Amino acid sequence: MTAENPYIPNFATIEDSWYETGGDRCIKTFKVVFTDPAVRDGWSHKPGQCAMIGVLGEGESMISISCSPTEGKFLRFSVMKMGKVTQALHKLETGDQISVRGPYGNSFPIDEWQGKKILTIGGGIGQAPLRPIVEYVKANRDKYAGLTMIYGARSSGDLCFKGEFDEMSKCDDLSCHLTIDIEEEGWSHNVGFVPQMLLDLNPSPENTIAVTCGPPIMIRFVLENLKKLGFSDDQIYTTLENRMKCGIGKCGRCNAGGMYVCKDGPVFNYSVLKNIPEAFA
Amino acid sequence: MSAMLLSKEKWPQFVGKFAGKNLWAPKLEGEAMRFSPVEEGETPLLEFSNTRIPPKSAAFPQTETMFRFQLGNQEIKLPELGEEMILMGIRPCDARAMSIVEKLFRWDYDDPYYLERRNLITLIGLACNEPGLNCFCSSVGGAPDSTEGLDLLMVDLGDSFLMEAVTPKGEAVLKEAEDLLEKAGSEALKSREAITAEAGSKIRRTVDHKGIPEGLPALWDDPLWARVSASCIGCGTCTYLCPTCHCFDIQDEVEGFEARRCRMWDSCMFEEYSLHTSGHNPRPTRRERTRNRINHKYNYYVDKFDVIACVGCGRCINLCPVNIDIVEILRQVKEAL
């Protein structure tokens, strides 16, 4: 068998892990470092890309890489406890190893966006693939005209990356707008759905790129409202997910219309996306 | 390479040169023909329409080990992929299917399991003189004597086989048996022309796919999908028996501490195939799954690889338990365009 076998995973050690949210479908973030220094040094990913991570004996799941390469020689994955593989991942602690294949998929064309204002609109776990954009722009603030982040979840307990938002409000060119679906005691931010908050904020489409990720129903309304605000198709990006097994365009199942989410995506410009019939099926 | 003739009297000797050396040929098993190993002294009779199961498993086993490992240990052991293999009597449609599937397994990431196995296989094809009831190869880019994917093509001329090498591997087969072969004369070549032309004229079923790949997207919400999938029971026979269907699942199998990661055929006609862990399914009913199957073969694959992922072998028609007929579906698609 050739040395170039894309199905053979590398291994990474969990350096740190913590819960972002609680409940049955809790979200745990893993910060991992490749065990093999050669793999660590050879690895590079771009915001928006994913990796097949897993536990030998349990299987693999496609998870978006939720850190920016600007943050350091480690990877972060925020994993919701759902099925067999993610339940097995949740059992792991600092010092344990996970398998990693990738990076897979296209990425946000973040270098093409230089000089523009970036608007991210996330919902729930959908903030995970958007977080690398936020971190990348924060690390390259001179190259972008600003960053506005809208992020919402059902309740304050369902918001990920909470500790990271405070510093953003201290900067002129960065702004962070949080919202939750239902009023809570002690909540000082917005209450309401993400698509409505987008309308209320009324961001100008001028020289702006909008990127959204979240539950399909949220994405659908966000897209609608971005159009209402005057954003053109090519100013809007989103990132999709589907069930995957191979991650490299062979196993067949992740296609939305003729697009393999693992290879042609997961990032799609709205001008392409609007012609994919199954995109939000 | 010029065409050679093998008298049928020498057929057992010809087979004898390869039998026992991982030679596979169609053999009757129960009520159906199936590719099986040919042992020394055995002489397969090449009198059959086609095997019930295509020989795609030679390069793409129904279940295969991707690697082995022990629980709690990250050491990965790769499997041996086997030895050289000759498939004798493969029909041109099935050989063509292998070259169509190969495009996918080469798409950006080389799939080492498929490609290395494929490399070990020599394909000796047998042209069809008597196409099956539901064959339609000539409508989708094939022919009863297509050589695409083959190393060597045999044409049954009655008393002899005409043998045409297509690749160096095919030439090596002829070289190995050169003492049994004679150069084909102009009469044999004329006879071959007549036989294959007649075979082509016996194909009764046709698909007019002009306009279908580019027309399918507009038919996304057409009522035809509910109609053509209404009787589907979701058994997956159409995809398992399809020589171009290549979708697979990957699973870890654990017994005690011994474990392997394996991949196995999967089917887009199964509900679990696209089911999200959340319970959401982007293709929730057989209507969407049938639409995906047809689109994948006649639209998406054409878009990506410039070829229809259907070779017209007719197996999905012959063996569908509820008589769903892809030729009829495509006729309805065409009508709705």
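## Two domains in chain A

The centres of domain 1 of chain A and domain 2 of chain A, taken over C-alpha atoms, are 24 Å apart. The domain assignment places domain 1 at 10-104 and domain 2 at 117-239 of chain A; such bounds come from an automatic or database domain assignment. Domain 1 brings 15 residues to the contact and domain 2 brings 14 residues. Contact here means that C-beta atoms, placed from the backbone, lie within 7 Å.

On the domain 1 side, five residues are nonpolar, eight polar and two charged. Nonpolar covers Ala, Val, Leu, Ile, Met, Phe, Trp, Tyr, Cys and Pro; charged covers Asp, Glu, Lys and Arg; the others, Gly among them, are polar.

## Basis of the model

This is a predicted model: local features need pLDDT of at least 70, side-chain atom pairs count only at pLDDT 80 or more, and totals for chains, interfaces and linings use all residues. Residues are numbered from 1 along each chain as its sequence is written, while chains are lettered from A and ligands numbered from 1 in the order in which they are written.

## Where chain B meets chain A

Chain B puts 39 residues in contact with 31 residues of chain A. Its side divides into 24 nonpolar, eight polar and seven charged residues. β10(B) gives the most, with six residues. Helices (H or I, at least four residues) and strands (E, at least two) are DSSP runs, numbered from the N terminus.

## The sheet around β10(B)

β4-β11-β10 of chain B is the order of an open, antiparallel sheet of three strands. Strands pair if DSSP finds at least two bridges between them. Eight bridges join β10(B) to β11(B). D249(B) stands opposite M264(B) in β11(B). β4 and β10 of chain B are the edge strands.

Technical notes
Two residues are in contact if their C-beta atoms, placed from the backbone, lie within 7 Å.
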